[in-house]
Amino acid sequence: MSPRLHIAVASILLLALCGLLPPRPATAQEYRQVLVQPDPGGVMVAASLRFPMGHEADPAGQEGTAFLLARLLEREGERRLREEFSRIHIDVGRGEFLVTLLAPRETWADAFRTVESLVQEYAPAESELAPIRDAHLERLIFQAGAPVREFEIERMRMLLGSSAPGARPSVGNRGSIQGVQAGGPTAFRNDHLMRSEAVVAVVGPITDSEVAAVVQGPRTEVPPPRSFVEAPPLQPGRSDTLPGDPDSVQRPNAPPETGPRPRLRLPSAEASPLAIAGGEAGPRAWTSGERSVVDRNLTSTWISVAWPFPAQSPRLLLDFLGRTLHEVVVSDPPEPGFYAAEVAVLEVEGTPVLVFSATVDPRTASRWEGRIVDAMGAVADSPPAGAFFELGRRRFRNALFLDLSTPENRSAWLARQYATRGDTPDLHDQIWRISRESLAGAAAAAGPPRILLFGPAAMMEEYGERDTP
Amino acid sequence: MASSDVVQDFRPDTIIRVPGGPTLAHFETGATEAVVIRVSIPLAESPDEAGVGHFIRHQAEARMLNVTSRIGARSEVHRTSTSLVYQVAGATQDLDFLIWALREGMAPPEAGRHEAARREAQLVLDRRLETPEGTLALRLRRTLAPGEASLQGTTGTLDRLQAGHVMAAWARSHRPSEARVVVVGRIEPVVVLASLTGLGLDPDAPAPQIAPPQDSGESRGAPEVIRRWVAYAYPLDGTRTASALVAARHLSGLIREQQGDYEASVELWDFPRGRALVFSGAAYPRGLQAMTARLTGFLEEAMSELDEDRVSTLTGELLTEFRMTGRTPWGMAELVGQAWDAEGSPDEVDRLMDELTQVGAEDVRTFLAALRGVSPIQEELRP
């Protein structure tokens with residue numbers, strides 16, 4: 001081997017060791033990426049397969065096709081997985097089709113292969129579709145006229161534009177569902193559930209090599225969560241009593257401060273705050289705001305305020321901003337006239353949009369609209385300080401960690417993160433890097449809001465004027 | 001699922017027993033940086049102070065929630081047949097807060113919150129007594145375990161328990177040496193143990209001696225009964241067995257598969273000093289004969305419908321159910337802790353799962369046959 005070849009081989013090996021080689025394109029039989037997060041002490045294996053196409057790919061006039069396909073796959077999957085004591089669940093989003101399997105470790109490999117063949121080969125007969133379609137039609141008839149459903153459609157139209165495919169109802173409507181025949185879901189599956197485009201994440205008591213034997217594709221091992229609390233000096237192994245003198249570890253009568261004190265491991269001082277970069281953070285979903293009122297003779301008003309953010313905004317920071325806005329706007333206990341509120345960060349044309357939605361008494365709608373809109377400016381000018389900021393960040397962290405404590409939520413989250421960001425963030429590190437200043441900076445980066453009011457226009461106007469000083 | 005395939009899932013990674021202090025079982029698992037700490041304190045109640053555990057629970061829960069709601073962690077306190085259970089769940093980085101919540105929860109009861117606890121306990125009991133199934137269950141339990149306190153209390157004891165009685169029950173039970181701690185999460189168990197230092201009462205302090213109130217035996221209201229309700233209870237001896245679990249599931253399955261003109265159910269009951277297999281049902285006159293015949297001949301029916309395939313399916317379902325519960329850190333802590341409290345070993349769930357992988361149709365048949373030789377305890381409610 002020539003010296004030049006030696007250098008080339010050595011360089012490739014070095015790059016491979018550093019994980020810097022460009023990802024190898026997946027073949028038709030391979031997934032785009034396989035993520036493995038071993039949890040040796042876990043008792044169930046969760047595997048999520050995320051395909052990057054959702055209900056916005058439903059054929060025109062056959063809205064609800066992806067939804068029906070999901071229900072068909074779940075029902076057939078439940079039947080086929082019975083002997084593996086496993087469960088299947090499918091979520092259909094605007095731009096994703098997420099299949100999640102939960103299986104005991106002894107049978108997960110067989111269960112995964114069952115799901116794989118189900119997703120790739122299942123072609124339902126009309127007799128299999130009919131009962132599912134009829135049951136769904138019954139639900140749609142029951143829900144017909146529900147104002148919250150109409151509000152959700154109006155909100156998506158506000159965000160995406162009224163003619164955008166993603167603004168159509170994910171569950172379809174009576175006309176479109178009646179028009180779906182067995183060939184429809186099969187065609188959707190053939191056209192959109194491509195193995196080479198899917199990201200798979202497997203979490204649980206499995207090893208990387210065990211996954212490699214079952215799931216084909218380039219793999220990345222995601223390390224299990226670290227312990228962030230440093231132990232005091234003693235390190236017991238599996239034992240019936242502590243080594244050494246037990247009294248040195250535990251004195252039941254001693255006050256708390258006399259015991260060995262755990263210490264928290266924090267990110268290094270050099271870690272920069274999680275923030276939105278100024279100027280070069282990319283385009284936004286829109287550059288000018290608007291306000292629209294949809295007049296409906298209802299006893300409640302639904303309000304939605306949506307702010308566009310630069311494309312490169314850290315998603316976790318926006319999630320925290322949304323939670324902070326919720327805490328600023330909604331008092332505990334709730335004020336009269338307030339019924340419910342929710343905050344979500346959605347993707348619009350590849351950029352993030354923070355959406356605050358609330359349900360209120362129509363007579364107070366004007367006041368709540370003002371409060372929601374003003375809240376963003378308030379956080380930008382004067383974000384929670386000191387203990388208020390610290391406690392808010394802890395609440396955010398706990399909600400996130402507890403939600404991701406189940407293996408199926410974790411696998412779904414890993415697959416989504418990788419598919420949309422290209423990596424899986426270190427939550428511990430990123431949450432510590434959220435500072436008061438970066439929160440204020442995120443709020444200041446909000447673009448002009450789009451506002452939707454859905455309710456009795458005359459009543460909102462009458463009482464809105466009375467509220468005006 | 002073949003028995004040889006099953007891996008031990010519920011065996012603690014570490015067990016630490018501290019002389020004069022709590023015993024801790026640690027499971028190093030979890031998909032995130034979350035930790036769950038479950039502390040159980042055995043609490044036996046005398047019939048004259050029945051329901052006293054509820055007073056402690058009510059106050060503890062409010063105090064813990066006051067801490068955990070500030071940081072978005074979870075906390076709960078509940079009463080099992082043997083113990084009071086304090087549980088917190090949150091990020092490992094918030095360990096100090098979680099321990100603070102536990103300290104708040106396990107602190108002595110306060111007289112100021114006593115009346116609120118009484119009102120809640122009375123409401124729960126009244127709601128139960130308003131329903132035929134609640135009244136029937138309470139009567140059956142009294143007959144099954146005479147002399148044992150009803151953990152929900154009675155109308156008489158709930159009216160008369162005073163703050164001093166609650167304090168006395170707390171003081172005699174809340175001692176460090178009595179505590180069993182289950183920790184689930186990626187954290188060094190000694191860190192938790194060290195943080196728990198000083199939790200509970202001084203072990204040498206005498207518990208206050210206060211004569212319990214006399215149960216006046218008064219009862220408020222009675223359920224409106226429009227069907228005939230019957231219940232048959234078969235007392236079970238010894239530890240929880242795989243055969244009993246499989247048999248109960250088999251019987252429930254038979255009811256689902258072949259329903260009649262009546263309502264029927266099968267339950268496994270745990271109470272402080274025993275357990276029982278209970279069949280119950282309700283029927284209008286037209287279905288009464290069929291229901292009675294079904295319930296009295298239920299054991300024979302179950303034995304005739306039993307084969308290896310069915311037992312294999314049932315054990316697989318039970319194992320999966322255990323694992324579905326244990327897949328979350330709080331589910332794992334509760335499953336292990338409950339079995340530990342009931343049977344005295346932190347390995348109990350693992351033992352039971354192991355037994356489930358080996359149980360066969362003949363074992364379940366033997367269990368059912370033994371019950372057939374016992375006269376069940378019977379209770380009924382008539383319109």
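Where in chain A is the place of A:Glu349? I located A:Glu349 in the loop between β11 (338–348) and β12 (351–360) of chain A. Helices (H or I, at least four residues) and strands (E, at least two) are DSSP runs, numbered from the N terminus.

**Conventions.** I worked on a predicted model, in which local features need pLDDT of at least 70, side-chain atom pairs count only at pLDDT 80 or more, and totals for chains, interfaces and linings use all residues. Residues are numbered from 1 along each chain as its sequence is written, and chains are lettered from A and ligands numbered from 1 in the order in which they are written.

**Confidence.** I noted ipTM 0.87 and pTM 0.87 for the model. For chain B, the mean pLDDT (the predictor's confidence in each residue, from 0 to 100) is 88, and 92% of its residues reach 70 or more.

A:Glu349 counts as partly exposed because it has 15 C-beta neighbours inside 10 Å. For this term I used C-beta atoms placed from the backbone: 20 or more others within 10 Å make a residue buried, 12 or fewer make it exposed, and counts in between make it partly exposed. I then turned to A:Phe85, which is not a glycine and has a positive phi of about 50°. A:Phe85 sits in the loop between α2 (65–80) and β3 (87–92) of chain A. With 22 C-beta neighbours inside 10 Å, A:Phe85 counts as buried.

**Chain A.** I recorded 15 helices and 13 strands for chain A. Of its 469 residues, 42% count as buried. I looked up A:Ala130 in helix α4 (residues 126–143) of chain A; A:Ala130 is partly exposed, with 13 other C-beta atoms within 10 Å. Between A:Ala130 and A:Val180 the C-alpha to C-alpha distance is 9.7 Å, and the two are 50 residues apart in sequence.

**Chain B.** I recorded 14 helices and 10 strands for chain B, and 49% of its 383 residues count as buried. The C-alpha trace of chain B spans about 60 × 55 × 35 Å along its principal axes. Among chain B contacts (C-beta atoms, placed from the backbone, within 7 Å) between residues at least 6 apart in sequence, 82% join residues at least 24 apart.

**Core.** Which residues touch the most other members of the largest nonpolar core? I take such a core as buried Ala, Val, Leu, Ile, Met, Phe, Trp, Tyr and Cys residues joined through C-beta atoms within 7 Å. Among its 218 residues, they are A:Val200, A:Val202, A:Leu321, A:Leu354, B:Ile37, B:Leu102 and B:Val336. Leaving aside residues up to four places away in sequence, A:Leu321 touches A:Leu354, A:Val379, A:Leu439, A:Ala442 and A:Ala443.

**Helices of chain B.** I listed the buried residues of helix α6 (residues 163–173) of chain B as B:His165, B:Val166, B:Met167, B:Ala169, B:Trp170 and B:Ser173. Their cover includes β3 (34–42), α1 (52–71) and α3 (114–130) of chain B.

I also examined helix α8 (residues 242–257) and helix α14 (residues 361–372) of chain B, which pack at an angle of about 80° with their axes 9 Å apart. Therefore α8(B) is roughly perpendicular to α14(B), a term that covers 65 to 115 degrees. B:Ser243, B:Ala244, B:Val246, B:Ala247 and B:His250 of α8(B) make the contact with B:Asp363, B:Val364, B:Phe367 and B:Leu368 of α14(B). The axes are lines fitted to C-alpha atoms, for helices over the stretch in contact, and angles run from 0 to 180 degrees between N-to-C directions.

Notes:
Two residues are in contact if their C-beta atoms, placed from the backbone, lie within 7 Å. Angles under 35 degrees count as roughly parallel, over 145 as roughly antiparallel, 65 to 115 as roughly perpendicular and the rest as oblique.
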